[in-house]
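Q: Please take a close look at one part of this model. I would like the strand pairing described, along with what surrounds it.

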Amino acid sequence: MRCIDVRGLKDIGHTADGPWRLGDDRLLRASSFWGPFDTPQKAQALFDTYRAAHLATAVTPDALELVQVVAHGERSYGVVVEYVRGLGLDAHVAFGSYLPDEAAGEIGALQRQLNQACMPVGIDWKDRFLTWSRALAPYLTRQLGTMLAMLVEAVPADDALVHGDLHMGNVVVKGGRPAPIDMELAGFGFPVFDLAISRSRMYYSAPRQAQARGFDLGPQGECLDTCWRAWLRGYFGDADEGQLERLDRRLAVLAEVENCGFEYRIAEVSADNLSDWQRERVARAAMILADLLPQVDCQDSSLYC
């Protein structure tokens, strides 16, 4: 394992954790949302993720080597991957080179390819959702908390590759085809978790990011609903409309859990120590779940067959 000194390298993430540019065609990644890769096993998991995704899609950036990173904390490890130039599909949509539903449909089809890869290492996304659902339970009625736990438990165990952060901004056009990037949150689980995360990004992150960049989404609810329906159609093709609707109600619940757990990090503090803004957002999530959960048969596992 060779060492790379990151002093003087261009940090395109604008943080102390990278990623850093290594010439025109390589990128060094040494951290995820949860911090630097302080063990070689964490870096190896990212390496394996990129390699599996590349083999599954032929367009995902490939992992090139594991490295040790110096001049970055006491000790850390990283992965050198292909650097893919290009705008995210969100920018293509904003500039009119892709229609919103066209882009969403292509990403849905791409996500299905990714989920067909085997990824037995990295984040256990079922465990992550279980942790978040337990953190939310005290803010729900006992009945709703039990229903939420049953819903997550009903999802089968699986080692499908879960990107963990797939949205239009994390897909660039490579050789005329969409290519997923930024796989630092990848791991394994049943594909429903990846779809739920993407739904969360669509309905929660996309409006915030568009507003921050000065993009106009138009009539927001209608635009997002149209895009998400196209995304599901890209993923499932000609699936039965009724079954798709039942699945999407379940995805809506899981997306709410992911948004509250990931964005507001409620599992990391005790209920007594939540900040005011966390309390406000958890209360809002509880109201939404109180509306969504009664619409879902939380024990129905037929959707996963």
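A: What follows goes through the paired strands, then a residue in one of them, and ends with a helix residue for context. Keep in mind that the model is predicted.

Start with strand 2, residues 20-21, and strand 3, residues 26-29. The two run antiparallel and are joined by two bridges. Strand 2 and strand 3 make a hairpin, with four residues between them. G23 sits in that turn and has a positive phi of about 75°.

Now follow strand 3 to its pairing with strand 7. Strand 7 covers residues 76-82. Four bridges join strand 3 to strand 7, and these strands also run antiparallel. Here R29 stands opposite V79 of strand 7.

Next, S76, which belongs to strand 7. S76 counts as buried because its relative accessibility is 1%, below the 20% cut-off. Its contacts, leaving aside neighbours within four places in sequence, are F37, Q68 and V69.

Finally, turn to helix 6, residues 191-212, where A196 lies. A196 has a relative accessible area of 0%, so this residue is buried. Not counting residues up to four places away in sequence, A196 touches F129, L251, L254 and A255. L244 is 48 residues from A196 along the chain, and their C-alpha atoms are separated by 13 Å.

Methods: Residues are numbered from 1 along each chain as its sequence is written. This is a predicted model: local features need pLDDT of at least 70, side-chain atom pairs count only at pLDDT 80 or more; totals for chains, interfaces and linings use all residues. Side-chain values use heavy atoms; hydrogens and water are left out. Buried means under 20% relative accessible area, exposed over 50%, partly exposed in between (1.4 Å probe, protein chains only). Contact means heavy atoms within 4.5 Å. Two strands pair if DSSP finds at least two bridges between them.
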